[in-house]
Amino acid sequence: TKRNIEDSFLHLAKTSKKGDFNFLSFSGHGGQIADISGDEESGFDSTIIPVDAIANGQVVDDDSTFTT
């Protein structure tokens, strides 16, 4: 679910230390949506499409929730 993916990213961000190397492998669907922040040269943000995307939306690549 979107919440599980976001919680896992947040846990990774909070527990990683300087010098750590994190590798993420994802098997699923991804997509693109229009970039509203203007930070993408292509004009699109990349997304992960979780199983509950219709009800809860996609996970967007520049979501500030994951910064620590």
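**Entry 1: terms and model**

I begin with the rule for pairing: two strands pair if DSSP finds at least two bridges between them. Strands (E, at least two residues) and helices (H or I, at least four residues) are DSSP runs, numbered from the N terminus. I note that this is a predicted model, in which local features need pLDDT of at least 70 and side-chain atom pairs count only at pLDDT 80 or more, while totals for chains, interfaces and linings use all residues. Residues are numbered from 1 along each chain as its sequence is written, and side-chain values use heavy atoms, with hydrogens and water left out.

**Entry 2: the chain as a whole**

I looked up the secondary structure and found two helices and three strands. From the N terminus on, these elements follow the order α-β-β-α-β. The C-alpha trace spans about 35 × 30 × 20 Å along its principal axes.

The chain has 68 residues, and 18% of them are buried. Buried means under 20% relative accessible area, exposed means over 50%, and partly exposed lies in between (1.4 Å probe, protein chains only). The accessible surface comes to about 5300 Å², and carbon and sulfur atoms hold 54% of that area. The areas come from the Shrake-Rupley method with a 1.4 Å probe; for residues, only the protein chains shown count as cover.

I also looked up contacts, meaning heavy atoms within 4.5 Å. Among contacts between residues at least 6 apart in sequence, 36% join residues at least 24 apart.

**Entry 3: the sheet**

In which order do the three strands stand in the open sheet? I read the order as E1-E2-E3, with antiparallel pairing. E1 and E3 (59–60) are the edge strands, each pairing on one side only. Strands of a sheet pair through backbone hydrogen bonds, either parallel or antiparallel.

I followed the bridges next. E1 and E2 (residues 44–49) are antiparallel and are joined by six bridges.

Why does E1 (residues 29–34) lie largely in the open? I found that the number buried among its six residues is zero, so the strand is largely in the open.

**Entry 4: aspartate 45**

I located aspartate 45 in strand E2. Aspartate 45 is buried yet has no salt bridge. A salt bridge is a side-chain nitrogen of Lys or Arg within 4 Å of a carboxyl oxygen of Asp or Glu. The nearest side chain of opposite charge is that of lysine 2, 12 Å away; Lys and Arg count as positive and Asp and Glu as negative, while His and the chain ends are not counted. Leaving aside neighbours within four places in sequence, I list among the contacts of aspartate 45 Gly31, Ile33, Asp39, Glu40 and Val60.

**Entry 5: lysine 2**

I found lysine 2 in helix H1 (residues 2–15). Is lysine 2 buried or exposed? Its relative accessibility is 18%, so lysine 2 counts as buried. The side chain of lysine 2 reaches the backbone oxygen of glutamine 58 at 3.4 Å; a polar contact is a pair of N or O atoms within 3.5 Å, where within protein one must be able to donate a hydrogen and the other to accept it, and residues adjacent in sequence count only if both atoms are side-chain atoms. Beyond neighbours within four places in sequence, lysine 2 is in contact with Pro50, Asp52, Asn56, Gly57, Gln58 and Val59.

**Entry 6: the salt bridges**

How many salt bridges does the structure hold? I count three. A network of salt bridges links Lys2, Arg3, Glu6 and Asp7.

- Glutamate 6 pairs with lysine 2, with the closest N and O atoms 3.8 Å apart. The two residues lie four apart in helix H1, about one turn.
- Arginine 3 pairs with glutamate 6, with the closest N and O atoms 3.4 Å apart. These residues are three apart in helix H1, so about one helical turn separates them.
- Aspartate 7 and arginine 3 meet at 2.9 Å, N to O. They are four residues apart in helix H1, about one turn.

Glutamate 6 is buried at 9% relative accessibility, whereas arginine 3 is partly exposed at 44%. Aspartate 7 is partly exposed, with 37%.

**Entry 7: alanine 13**

I placed alanine 13 in helix H1; at 24% relative accessibility it counts as partly exposed. Alanine 13 and aspartate 39 are 26 residues apart in sequence and 21 Å apart in space, C-alpha to C-alpha.
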